[in-house]
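Open the model in your viewer and keep the selection panel at hand. This tour goes from one stop to the next.

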Amino acid sequence: MVFIGTDHGTTGISFAISDDEGNLLDVFKLSREDTKSGRVSAIEEISKRCNIDDIKLMIVTYAMGDGINKILPLDKVENRGILSIEGAGKVTGGGTSVYSEIENSNIPSLIIPGLHKDSPSLDKLFNAAYSHQASPEKVSIAYNAVKETGWNNLIVADLSSNSVNILIEDGKIRGAIDACLGAMGFVHGPIDLEMIRDIDEGRITANDAFSHAGAVKIADIDTKVAFMKDELLEGYRNNDDNAILAVDTMIMTIAMEIFGLIGICNNDIEGIVLTGSLGFMKEPFDFEEKLNKYLKNNYPFKIISADSGAIGAVQIAYDIYNGKKDILGIEVDY
């Protein structure tokens, strides 16, 4: 008996496998380009690692997840649980191919919703303010964070190409700040006035603006998305002034966003969980140390795996199979 969790990430689709006691057996990642082209089959890769017939439950995440507000079986979901494929971020089709494979298999599967204005589990003030707060894998990241720390009141900072910060109070997700709303990531960030003017005047699309609004905007990097972060970090290593300014500005915006969430908490925050390629970065700079310059040792940090999306998803699969009907405040229909 095994369980599977998936993370529909920016650069690829990750999978975690656990045994019948919830022990993690394996984590692996498939390139979006490989799954889209058909060079790699998700089901075949899973079958190399476990017997497909032994899978008792799989948890799936996909795109924005804004078409559903419960954790649901795939056969109860229309349009893969999304309102539209258009939106913030590059569309490659790799995630769609994986979803279709899972949908056409006999594997019992549930899909996690995103956090959005129609999510009854969230604080009504967040839902009134923002149409979209976070995509589904942020729920599984948050679940892994709670499991790892045992905290009930925390902020989960998933920081990489995007920066998304999630507020959890009393063991439930209260709300989140999505990448297009607040802090910069390496690649994506909020659309400011200058970009709004460029969009209105037809020089760029909103999606193009979002995909160049992170630290790369400050460092004046305009290459393929897959290479942007590496180019920025190489500039930082070489003491390039623009790269240093870009990194320091990005971290300042993340600190502002975290402080904003702390400021509206009803409870005292027990700590801050960091994940993502930026969240656990130690070289060429120590992210935790730079962030703590603003937080001034007032809150403990916990760094969790970069695979926390897939790991949290398989933890959700295990717990739901064993009777759990609520995941961080989100209802389970199973």
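What volume does the largest cavity have? About 60 Å³. Note before you start that this is a predicted model.

**Stop one: the cavity**

The count of cavities of 30 Å³ or more comes to 1. Select Thr-6, His-8, Ile-13, Val-60, Thr-61, Tyr-62, Gly-95, Val-98, Tyr-99 and Ile-102: these residues line the largest cavity. Colour them by type. You get 6 nonpolar and 4 polar residues, with no charged ones.

Now show the secondary structure. Strand S1 (2–8) and helix H3 (94–104) each supply at least two residues of this lining. Which element gives the most to the lining? Helix H3 does, with 4 residues.

**Stop two: Thr-96**

Stay on helix H3 and select Thr-96, which has its place there.

Show its contacts. Leaving out residues up to four places away in sequence, Thr-96 touches Tyr-62 and Arg-80. Tyr-62 is also one of the residues lining the largest cavity.

Next, draw a C-alpha to C-alpha distance from Thr-96 to Lys-117. The two are 24 Å apart in space and 21 residues apart in sequence.

**Stop three: Asn-292**

Move to helix H12 (residues 287–295) and select Asn-292, which lies in it. Asn-292 counts as buried because its relative accessibility is 17%, and buried means under 20%. Beyond its neighbours within four places in sequence, Asn-292 is in contact with Asn-297 and Phe-301.

Definitions and conventions: Residues numbered from 1 in each chain as written. Predicted model: local features only at pLDDT ≥ 70, side-chain atom pairs only at ≥ 80, totals over all residues. Heavy atoms only, no water. Buried < 20%, exposed > 50% of the residue type's maximum accessible area, 1.4 Å probe, protein only. Contact = heavy atoms within 4.5 Å. 1 Å grid on protein atoms, 1.4 Å probe; cavity = no way out; pocket = protein on both sides within 12 Å on 5 of 7 lines; lining within 4 Å. Points joined across faces, edges and corners; volume = space filled by probe spheres on them. Nonpolar A, V, L, I, M, F, W, Y, C, P; charged D, E, K, R; others polar.
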